[in-house]
Amino acid sequence: MRHTIKYRMMKCKSDRKTSKLTPKERLELVCQISERQDGLRASIANRAALVISADALLLASVTFSLETALSSASAFNAVEKTTLMLAVGVAVILLALSLLYATTGVASVWKPTRQRYGNSLPQRLFFHADDSIKTLKRFEVFRERFMASTIDELLTYALAELWSMEKVYYDRYLMLIRSIKLLVLAIIPFLIAISVLFIRFI
């Protein structure tokens, strides 16, 4: 598929001075580029899964630190208790936010694409189930609309779907980046809590 897309791109450049892609060829190219989004979504999902696993592991470690501190509260002075509780609290908050952003990066759990982008998202008939079923509720209407659609109209629908897919991918990518940053920040208070426990018990 990537070779096909590359070939189309090279063909477009080489033929720029002599000819242009026909509407049918453009439609085929848009569909091929749209297929690439499946791999990008899978990549985001895999990275988010790794972040979620790291969040869960670090959260378990923070919980263990808190349980240790509570079971041996008399062994700590006031400063150590305050430092430990603050460090654990900040770490838990950062990890919770990291988990929220990571899960949002995997799927749109709050709003569908249409509700999220509103009127800025063009109609995507035949290329997106939500738009197609809500607009064309019966098969007869669906078939009639499809048979009456021109190549230019289908190209517009396909481009709208491609734009929305890339927009969703970009937004999820930003969510993943925020999740990773929060995870890294959570390591700092976690290390502070571990240092307090290490100094007291080792």
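Leu100 is partly exposed, with a relative accessible area of 38% (buried is under 20%, exposed over 50%, partly exposed in between; 1.4 Å probe, protein chains only). Leu100 sits in helix α3 (helices are DSSP runs of H or I, at least four residues; strands are runs of E, at least two; numbering starts at the N terminus).

Together with Ile93 and Leu97, Leu100 forms a nonpolar surface patch of about 250 Å² accessible area. Nonpolar patch members have over 30% relative accessible area and no salt bridge, and their side chains (Val, Leu, Ile, Met, Phe, Trp, Tyr) are joined within 5 Å. A salt bridge is a side-chain nitrogen of Lys or Arg within 4 Å of a carboxyl oxygen of Asp or Glu.

## Basis of the model

This is a predicted model: local features need pLDDT of at least 70, side-chain atom pairs count only at pLDDT 80 or more, and totals for chains, interfaces and linings use all residues. Residues are numbered from 1 along each chain as its sequence is written, and side-chain values use heavy atoms, with hydrogens and water left out.

## Overall fold

The chain has seven helices and zero strands. Of its 202 residues, 32% are buried. The chain exposes about 12,900 Å², and carbon and sulfur atoms supply 65% of that area (Shrake-Rupley method, 1.4 Å probe).

Contact means heavy atoms within 4.5 Å. Among contacts in the chain with a separation of 6 or more, 75% join residues 24 or more positions apart.

The largest nonpolar core has 22 residues, of which Leu58, Val62, Phe76, Leu84 and Leu95 touch the most other members (a core joins buried Ala, Val, Leu, Ile, Met, Phe, Trp, Tyr and Cys residues through side-chain atoms within 4.5 Å). Helices α2 (23-71), α3 (78-106) and α7 (151-201) each supply at least two residues of this core. Helix α7 gives the most, with eight residues.

Leaving aside neighbours within four places in sequence, Leu58 contacts Leu95, Leu183, Ala186, Ile187 and Phe190. A second, separate core has 13 residues, including Leu27, Leu125, Leu136 and Leu154.

## Aromatic pairs

There are four aromatic pairs. Rings of Phe, Tyr and Trp (its six-membered ring) pair if their centres lie within 6.5 Å; planes under 30 degrees apart are stacked, over 60 edge-to-face, the rest tilted.

Tyr169 and Tyr173 have ring centres 6.4 Å apart and planes at 25 degrees, so they are stacked. Both lie in helix α7, four residues apart, about one turn of the helix. Tyr169 is partly exposed at 23% relative accessible area, and Tyr173 is partly exposed at 32%. Ring pairs also link Phe126, Phe142, Phe146 and Tyr157 into a cluster.

Note on methods: Patches are made of residues with over 30% relative accessible area and no salt bridge: like charges are joined within 9 Å, nonpolar side chains (Val, Leu, Ile, Met, Phe, Trp, Tyr) within 5 Å.
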